Amino acid sequence: MPLLVDGRRVRLPRSAVELVRAHPPLEERARLLRGQSVQQVGPQGLLYVQQRELAVTSPKDGSVSILGSDDATTCHIVVLRHTGNGATCLTHCDGSDTKAEVPLIMSSIKSFSEPAECGRLEVHLVGGFSDDRQLSQKLTHQLLSEFDKQDDDIHLVTLCVTELNDREENENHFPIIYGIAVNIKTAEIYRASFQDRGPEEQLRAARALAGGPSLSTSPLAEPPHFVEHIRSTLMFLKKFPSPENILFPGNKALLYKKNKDGLWEKISPGS
């Protein structure tokens with residue numbers, strides 16, 4: 001079934017600008033999101049999603065109430081939500097394998113849903129800018145095309161990507177929005193930044209860095225803390241060149257849970 005906006009089929013391919021001009025409510029929602037001030041999100045109840053990660057939960061979750069991600073330059077942050085049961089998935093896509101990521105996003109939401117459950121699937125796309133290499137534009141098109149190929153009706157509610165998320169300063173282009181959060185219980189999506197990025201931040205960042213062709217797709221547009229983030233990740237890789245042998249003894253996963261204060265704590269083996 002097709003990708004829909006206000007109940008009408010989306011005609012692809014189109015640029016993000018052409019798409020919102022054909023559907024004025026999309027343009028208005030993008031304008032309102034860009035105009036928000038950035039909220040600092042604390043660690044309580046937060047599940048932070050790094051590049052190439054995916055998280056899904058529902059309002060029944062007693063530990064996680066917010067999903068969020070930031071540091072998106074050419075990357076896009078995708079939120080898919082089922083309006084019936086409130087199941088919400090957030091992922092940080094970099095274009096490395098969009099064709100595989102979109103079905104994974106869909107299946108993660110369906111794992112929370114009953115076949116005949118009332119409600120609809122709504123998708124929100126945020127991120128990217130008018131970069132010189134047009135990587136953002138390519139990713140926008142990939143995501144729209146892949147969602148349009150899915151078997152289910154998917155309603156495009158927010159599109160604040162690429163040209164719609166671009167600002168120019170001294171002849172250089174930058175994203176307006178680098179990060180968003182979604183409140184699982186209220187479905188509110190808002191501009192956000194995060195000081196706490198969850199457990200094993202360097203290990204998770206190293207996984208994405210080791211699988212990519214470069215340190216950054218858009219060096220001039222990176223946020224101020226980017227250099228320190230990359231430095232600490234590279235130092236981690238230097239210290240643990242084969243982390244699977246040192247950090248995962250016996251090939252066992254590292255497990256964490258939210259405690260009663262809404263903060264992450266490590267689960268001891270055998271507990």
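## Exercises on a predicted model

His23 is found in the loop between α1 (16-22) and α2, where helices (H or I, at least four residues) and strands (E, at least two) are DSSP runs numbered from the N terminus. This is a predicted model, in which local features need pLDDT of at least 70 and side-chain atom pairs count only at pLDDT 80 or more, while totals for chains, interfaces and linings use all residues. Residues are numbered from 1 along each chain as its sequence is written, and side-chain values use heavy atoms, with hydrogens and water left out.

**Exercise 1. Determine whether His23 is buried or exposed, and state which residues His23 touches.**

Step 1. Apply the cut-offs: buried means under 20% relative accessible area, exposed over 50%, and partly exposed in between (1.4 Å probe, protein chains only).

Step 2. His23 has 4% relative accessibility and therefore counts as buried.

Step 3. Once residues up to four places away in sequence are set aside, His23 touches Val5 and Arg8; contact means heavy atoms within 4.5 Å.

**Exercise 2. Give the strand order of the seven-stranded open sheet and name its edge strands.**

Step 1. Two strands pair if DSSP finds at least two bridges between them.

Step 2. The order is β2-β1-β10-β9-β7-β8-β5, with mixed pairing.

Step 3. β2 (8-9) and β5 (54-57) are the edge strands, each pairing on one side only.

Step 4. Within the sheet, β7 (residues 76-82) and β8 (residues 88-93) pair in the antiparallel sense over six bridges. Leu80 has Cys89 in β8 as its bridge partner.

**Exercise 3. State which strands helices α2 and α4 lie across, and at what angles they run.**

Step 1. Axes are lines fitted to C-alpha atoms, for helices over the stretch in contact, and angles run from 0 to 180 degrees between N-to-C directions.

Step 2. Helix α2 (residues 24-34) lies across β1 (3-5), β9 (121-127) and β10 (154-161), at about 50° to β10.

Step 3. Helix α4 (residues 135-148) lies across β1, β2, β7, β8, β9 and β10, at about 20° to β7.

**Exercise 4. Describe the largest nonpolar core and the contacts of Leu156.**

Step 1. A nonpolar core is a set of buried Ala, Val, Leu, Ile, Met, Phe, Trp, Tyr and Cys residues joined through side-chain atoms within 4.5 Å.

Step 2. The largest such core has 29 residues, and those with the most contacts inside it are Val123, Leu125, Phe147, Leu156 and Leu159. At least two residues come from each of β1, α1, β7, β8, α3 (98-110), β9, α4 and β10.

Step 3. Beyond its neighbours within four places in sequence, Leu156 is in contact with residues including Leu3, Leu19, Leu26, Arg29 and Leu144.

Step 4. Another core, of 18 residues, lies apart from the largest one; Ala55, Ile77, Ile177 and Ile184 are among its members.

**Exercise 5. Classify the aromatic pair formed by Tyr48 and Phe194.**

Step 1. Rings of Phe, Tyr and Trp (its six-membered ring) pair if their centres lie within 6.5 Å; planes under 30 degrees apart count as stacked, over 60 as edge-to-face and the rest as tilted. By this rule the count is one aromatic pair.

Step 2. The ring centres of Tyr48 and Phe194 are 5.2 Å apart and the planes stand at 70°, so the pair is edge-to-face.

Step 3. Tyr48 lies in β4 (residues 46-48) and Phe194 in β14 (residues 189-194), so the pair ties together parts 146 residues apart in sequence. Both Tyr48 and Phe194 are buried.
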